[in-house]
Amino acid sequence: MRFKKRNALYMFALLVLSACALCLRLTGLSAQQQLMTSKSRLRETFISLVQIDSGSENEEVIGEFVAREMKTLTDEVTIDEAWRKIGGKAGNVIARFHGNVQSQPLLLNAHLDTVMPTVGIKIVEDGEVIRTDGRTILGADDKAGVAIIIEALRTLRERNLKHPPIEVVFTVREEKGLLGAKAFDMKRLSAKYGLVVDGMDEPSVIITRMPSHEIFEVVIKGKTAHASLEPEKGINAIVTASRAIAKLNWGRIDEESTCNVGVINGGRATNVVADTCTVKGEVRSHDIKKLEAMKELITKVFDEEAKAVGASAKVTFERLYRGFTTSHNSPIVLAVVKALTEMGLQPRLKGVEAGSDASVFSEHGIECIVLPTGAANIHTQNEFVDMRKMHMCAELLVRTIINFATLHQ
Ligand SMILES: [Zn+2]
């Protein structure tokens, strides 16, 4: 009888162990790589965020929601007055967490706003995939990032995991030109390293490089005249602009630089020599010297072509953001690479041809990388998230934070 009981217990234990092994195999993780974050809680947070309408300039309600969530985890939560500088009603949400190990502080960031259209979002769940009915965007860019940060902080708290001092900034108006981050008082931060959760869908893709981006405007002033009675007296600004445009190279200039002429306006009527022409475009490069060289060349060519016919060209540039390249030896990169390796994933460090709030934080001396979110087809009505991927991204964030604390004490 006793033997039978022990045998039954043994069989039961074996059954439990093989069930556990099956679960772990399904998530692709070994026993040492068990997940700490909760997929169901992450999903719930994400769905709650998606249901709050928060296109750019309408981030007040989502900001208050996120601030409330943060207040359940820390006493130090504030909303700044970014709206005074950039309009609207909302501010950036800032939360601070004291570290429980001796370590450099770490910045976590995601943005609260989304692109349009957002009104009347209807969520459709298809297994692990969350999307909309196709009439609106989902807003996973960047509500997936917000949900991931909230889940990571909850996990650190409830499991009492070792973490550095953490400074969280949820920004407004990112989609309108990184305005919330630009309006943020960087003196409020002491972190020199940052994780911006606003990236690609694949959990293994880490962005370490973003280009500098400037826009330009050229105003060419010629001289008006009747187009057929006395065209000799006129200086055609459109023709002058066209000559300059034809002389310059556009498109992909080299493997790390692009250049585009995007808008041209000028003239009033077919029978009038056009005295004004405005040309607008942009330059981007991962190499600031190459960017400066492109700017110089554009200015020089427009100027020369204008002077050659007695016209004038006024060229102005405006920097939207400065590029950054975070070294693969940076503690923040080492921390994320270690986390991916622990999770059995092959790290893929790459650059993208766009900017994000990481560009603004980097410009203020914070070494940043951009972490993935599990969202795909962002900025379209086909946007969706795969909860399995988003869950891995949350796990990656928690492990990166823990690794950073241990690697950079
Ligand atoms: Zn984004």
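Modeller: Before we start: helices are DSSP runs of H or I with at least four residues, strands are runs of E with at least two, and both are numbered from the N terminus. Also, this is a predicted model.

Colleague: Fine. How many helices and strands are in the protein chain?

Modeller: The protein chain has 11 helices and 18 strands. Its C-alpha atoms fill a box of roughly 115 × 45 × 40 Å along the principal axes.

Colleague: What share of the residues count as buried?

Modeller: 43% of the 409 residues. As for contacts between residues at least 6 apart in sequence, 78% of them join residues at least 24 apart.

Colleague: Which domains does the assignment give?

Modeller: Two entries. Domain 1 is 32-211 + 323-407, and domain 2 is 213-320. Their centres, taken over C-alpha atoms, are separated by 40 Å.

Colleague: And how many residues of each domain are in contact?

Modeller: Eight residues of domain 1 meet seven residues of domain 2. On the domain 1 side, five are polar, two are charged and one is nonpolar.

Colleague: New topic: helix packing. What angle do α2 and α5 make?

Modeller: About 140°, with the axes 9 Å apart. α2 covers residues 39-50 and α5 covers residues 140-158. So α2 is oblique to α5. The crossing is right-handed.

Colleague: Which residues make the contact?

Modeller: From α2, Arg41, Leu42, Thr45, Phe46, Leu49 and Val50. From α5, Lys143, Ala144, Val146, Ala147, Ile150 and Glu151. By class, that contact has eight nonpolar, three charged and one polar.

Colleague: How do α7 and α8 cross?

Modeller: At roughly 140°, and their axes come within 9 Å. α7 is residues 237-247 and α8 is residues 288-308. That makes α7 oblique to α8. This crossing is right-handed.

Colleague: Which residues of α7 and α8 make the contact?

Modeller: Thr240, Arg243, Ala244 and Lys247 come from α7. Val301, Phe302, Glu305 and Ala306 come from α8. The classes are four nonpolar, three charged and one polar.

Colleague: Let's do single residues. Where is valine 283?

Modeller: Valine 283 is in strand β12, residues 276-285.

Colleague: Is valine 283 buried or exposed?

Modeller: Buried, because 24 other C-beta atoms lie within 10 Å and the cut-off is 20 or more.

Colleague: What does valine 283 touch?

Modeller: Leaving out residues up to four places away in sequence, valine 283 touches Glu214, Phe216, Cys259, Leu291, Met294 and Lys295. Take methionine 294: it is 11 residues from valine 283 along the chain, and their C-alpha atoms are 7.4 Å apart.

Colleague: Now the backbone. Which residues does the cis bond at proline 117 join?

Modeller: Methionine 116 and proline 117, with omega near -5°. Proline 117 sits in the loop between β3 (106-111) and β4 (123-126). Another cis peptide bond joins aspartate 141 and aspartate 142, with omega about 20°. Aspartate 142 is in helix α5.

Colleague: What about phi of arginine 173?

Modeller: Positive, about 55°, although arginine 173 is not a glycine. Arginine 173 is in the loop between β6 (166-171) and α6 (179-183). It counts as buried because 25 other C-beta atoms lie within 10 Å.

Colleague: And what is phi of histidine 379?

Modeller: Near 70°, which is positive in a residue other than glycine. Histidine 379 lies in the loop between β17 (375-376) and β18 (384-386).

Colleague: Is histidine 379 buried or exposed?

Modeller: Exposed, because histidine 379 has 12 C-beta neighbours inside 10 Å and 12 or fewer counts as exposed.

How values were computed: Residues are numbered from 1 along each chain as its sequence is written. This is a predicted model: local features need pLDDT of at least 70, side-chain atom pairs count only at pLDDT 80 or more; totals for chains, interfaces and linings use all residues. Axes are lines fitted to C-alpha atoms, for helices over the stretch in contact, and angles run from 0 to 180 degrees between N-to-C directions. Angles under 35 degrees count as roughly parallel, over 145 as roughly antiparallel, 65 to 115 as roughly perpendicular and the rest as oblique. A crossing is left-handed if the near helix is turned anticlockwise from the far one by less than a right angle, and right-handed if clockwise. Two residues are in contact if their C-beta atoms, placed from the backbone, lie within 7 Å. Ala, Val, Leu, Ile, Met, Phe, Trp, Tyr, Cys and Pro count as nonpolar, Asp, Glu, Lys and Arg as charged, and the others, Gly among them, as polar. Domain bounds come from an automatic or database domain assignment.
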